[in-house]
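Please open the model in your viewer and keep the sequence panel beside it. We will go from one selection to the next, with a short note on what each one shows.

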Amino acid sequence: MEQRGQDSWRPQGKWFAFVLTLNLIFGKATGQIRFSISEEIEEGTAVGNIAKDLGIDPSILKARGFRIVSGSTEPLFQVNQDDGVLFVNRNIDREEICQRTSVCLINLKSVLENPLEIHYVAVEVLDVNDHSPSFPEKNKRLEISESTLPGTRFQLHAALDPDGGVNSVQQYKLSQNNIFRLEVKDRGKDGKVPVLQIQSPLDREVSSSHKLLLTALDGGKPPKSGTMEILVDVLDVNDNAPVFTKDVYSTEISENSPVGTIVIRVNATDLDEGLNGEVSYSFGNVNNKVRELFDVNPSTGEITVKGQLDYEVDDSYEIDIQASDSGAVPFRTEKSVTVNIMDVNDNAPVIDVTSLSNKISEDARPGTTVALLSITDLDSGVNGKVISFVKGDVPFTLTPSIQDNMFAVVTKTQLDRENKSMYDVTIIAKDAGELALTSEKTLRVVVSDINDNSPEFSKSRYNFHVTENNSPGLSLFSLIASDRDEGDNAVISYHILRDAAYENKVTSFLNINSENGDVLALKSFDFETLKTFQFQVVATDSGSPSLSSNVTVNVFILDQNDNAPVILYPVSSNGSAEGVEEIPRNVNAGHLVTKVRAYDADIGYNGWLLFSLQQVTDHSLFGLDRYTGQIRTLRSFTETDEAEHKLVILVKDNGNVSLSATATVIVKLVEPKEAFAASDVKSSAKVDEEDNVTFYLMITLGSVSVLFVISIIVLIAMQCSKSTDYTSKYLQETNYDGTLCHSIQYRSGDKRYMLVGPRMSIGSTIVPGSHANTLVLPDRRRASGEVRL
């Protein structure tokens with residue numbers, strides 16, 4: 001608006017300037033009047049009295065048409081026709097009228113008519129400081145590179161002030177700062193021009209912009225001012241390297257951290273801006289191992305886990321991280337990052353056997369070293385503390401060595417190979433971690449043998465039954481001894497203990513295989529001669545020194561049916577089994593004709609004799625008792641019966657393969673008188689015959705009694721020397737009339753045996769598979785409550 005006002009008054013100003021020039025030329029001649037007023041005075045204010053100054057009578061002014069001649073625009077001044085006073089017609093703005101002239105004169109023409117008179121009036125408009133200086137723009141933005149050198153000048157737009165003279169812009173002031181200073185150039189009619197000069201180096205990183213206030217002051221009193229805000233943007237130059245935010249980067253991470261785990265984040269800043277301040281991260285001078293284990297994010301600076309960390313391989317890493325800006329000529333900064341690997345209990349203890357004795361003698365003293373172990377744990381701290389011990393109840397223990405992590409497996413008690421010959425010794429090592437890890441190592445220890453055990457027979461006493469008539473040189477039975485030792489210490493040899501008292505009688509015809517314990521007889525046994533005997537066998541091992549033990553062997557000879565019955569009566573004078581018996585004809589039925597007597601050297605069933613009629617002339621006359629051998633008449637004789645009868649009696653034993661003998665009895669029937677005479681003769685012969693029988697019986701009974709006494713003595717001695725319930729009794733039972741038989745009882749182990757004759761005891765039973773003449777009797781002692789151990 002002000003500019004447009006100034007422009008609108010320019011033609012009129014030119015006109016006034018022309019009038020003013022005329023007044024200067026012709027003023028004295030015409031008596032030009034000059035007034036001075038201040039601008040901006042109120043309308044109607046009197047400037048001066050023209051009529052008075054011109055000496056014109058005020059009364060004629062109206063009549064002569066006194067007036068002020070002006071242009072087409074509304075006049076600034078008017079004259080009062082009544083008194084000739086010049087007054088302000090409207091607001092006068094000097095800056096609008098005179099613009100930038102130093103003296104503002106408004107030339108007026110006053111006209112009187114009839115006659116025409118023209119008088120010139122000059123009104124000087126004095127300036128009033130009614131305008132403040134103003135800048136063309138309220139805000140000025142400058143972009144200055146931070147590399148601009150001190151002393152560089154930047155011309156600014158001058159402030160404008162419509163006022164003139166001293167009321168125009170007289171000076172500039174710049175707000176207080178350390179970077180810029182203000183210079184003012186005086187360009188004459190163009191006024192004073194401000195110039196901004198750099199007096200100190202710019203640093204965008206210190207201050208990226210500067211806000212200045214430029215003030216223009218006029219010369220008024222008081223002065224008026226106008227301001228312009230200057231915003232200086234400091235343009236960046238890549239003059240700063242990235243700077244890490246921390247002096248030291250250090251962190252810890254567990255060794256079992258998965259891939260992708262963030263280890264640490266580094267941060268670097270660059271005081272520059274734009275690409276010059278855009279920071280990227282990368283590895284500096286690091287080895288390949290670091291590159292395998294770690295990765296760095298170029299944008300965020302995050303270091304992450306890339307591979308498998310292992311505290312036991314390396315417990316820390318120094319990682320050089322490089323921060324680089326993106327300037328045309330980039331700046332780089334390196335920082336070392338310390339990554340400490342924290343141990344995790346991920347390693348079980350390791351048991352290494354440095355020395356091992358696979359065998360240890362069973363007589364080794366307690367404390368003998370079996371093995372040396374190295375027990376280590378690659379973890380650290382409590383995770384690497386190991387507790388070691390021997391598992392289970394074994395005669396071994398673990399003792400620490402003077403050297404760290406070394407242990408010795410030693411015996412803690414006496415070993416016995418016969419009790420246990422091999423041990424699997426398990427060593428357990430357990431660390432002290434929160435989740436403890438355990439390792440095991442099993443050592444096989446073999447206990448070597450020493451000869452500390454004597455051979456042992458399978459029984460404390462052996463009872464063997466040997467059938468008579470055995471083949472010489474063949475094995476009778478075997479004895480087995482064992483030795484708890486091994487190797488040579490367990491190799492057993494056998495021999496018979498040759499007692500001087502029995503050497504020639506019993507043991508002289510026995511032999512034993514020294515390797516397998518088979519007992520051989522060098523001759524056959526005869527039950528009728530020897531029924532039992534005893535000897536001792538010694539078992540000796542091959543250790544050094546050797547150990548031995550002995551056992552008593554009781555041998556019982558079992559009878560075989562090897563003796564045929566012997567006819568004792570009748571016996572003829574020539575030794576044949578034949579006799580003649582004379583009986584009266586008048587005997588009644590049941591009359592004892594005679595009794596056949598027989599003897600069998602065998603015993604039991606083998607000596608049990610049965611009698612039968614093999615041949616008889618008349619079966620209705622005679623009968624034979626099969627057990628007693630008695631021949632009796634079955635009926636009375638008649639006249640028609642023959643006078644002589646022949647009876648052939650078969651005597652047979654009860655062996656499996658029975659043996660027999662026959663006797664012939666001739667029975668003659670005589671008249672009673674003849675019978676008495678014959679009986680006298682016969683009785684005398686019979687006495688002789690019976691004397692012979694008695695003699696044989698005495699010899700037989702004497703032999704049996706002697707054998708019985710010997711057996712009793714031997715069995716009593718055996719019973720006293722051993723705790724085993726063993727008795728052997730031979731008891732002779734009463735023979736039947738007419739036949740000499742045997743019945744011998746004895747005990748062997750838990751069984752009671754009886755070698756029986758023709759008449760068995762009540763309650764006896766035949767043992768299946770026995771030797772035909774041997775019975776097993778119920779044990780009455782057990783039945784009565786006796787218990788044998």
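Start by selecting Asn405, which is partly exposed, with a relative accessible area of 42%; buried here means under 20% relative accessible area, exposed over 50%, and partly exposed in between (1.4 Å probe, protein chains only). Asn405 lies in the loop between β28 (396-400) and β29 (406-411). Its phi is positive, about 65 degrees, although Asn405 is not a glycine.

Before the next stop, two notes on the model. This is a predicted model, in which local features need pLDDT of at least 70 and side-chain atom pairs count only at pLDDT 80 or more, while totals for chains, interfaces and linings use all residues. Residues are numbered from 1 along each chain as its sequence is written, and side-chain values use heavy atoms, with hydrogens and water left out.

Now zoom out to the whole chain. Its secondary structure comes to eight helices and 54 strands; these are DSSP runs, numbered from the N terminus, with helices (H or I) of at least four residues and strands (E) of at least two. Of the 789 residues, 43% count as buried. The accessible surface is about 41,200 Å², and carbon and sulfur atoms hold 51% of that (Shrake-Rupley method, 1.4 Å probe; for residues, only the protein chains shown count as cover). Among contacts between residues at least 6 apart in sequence, 65% join residues at least 24 apart, where contact means heavy atoms within 4.5 Å.

Next, select β1 (33-38) and β3 (67-69). They belong to an open sheet of four strands with mixed pairing, in the order β1-β7-β6-β3; two strands pair if DSSP finds at least two bridges between them. β1 and β3 each have a single partner strand, so one side of each is left without a neighbour in the sheet. From one strand to the next, the twist averages 35 degrees, with axes taken as lines fitted to C-alpha atoms (for helices over the stretch in contact) and angles running from 0 to 180 degrees between N-to-C directions.

Which residue in β7 is the bridge partner of Ile33? Click on Val121 to find that partner.

Follow β1 into the loop between β1 and β2 (46-49), where Glu40 is found. Glu40 is partly exposed, at a relative accessible area of 34%, and has a positive phi of about 70 degrees without being a glycine.

Then go to Pro115, in the loop between β6 (104-112) and β7. The peptide bond from Asn114 to Pro115 is cis, with omega near -5 degrees. Most residues other than glycine have a negative phi, and most peptide bonds are trans.

For the next sheet, select β16 (249-254) and β19 (280-283), its edge strands, each pairing on one side only. The sheet is open and mixed, with four strands in the order β16-β23-β22-β19. Its twist averages 30 degrees from one strand to the next. β16 pairs with β23 (residues 332-342) in the parallel sense over six bridges, and Tyr249 has Val337 in β23 as its bridge partner.

The last stop is Pro545, in the loop between β39 (532-541) and β40 (548-558). Here the peptide bond from Ser544 to Pro545 is cis, with omega near -5 degrees.
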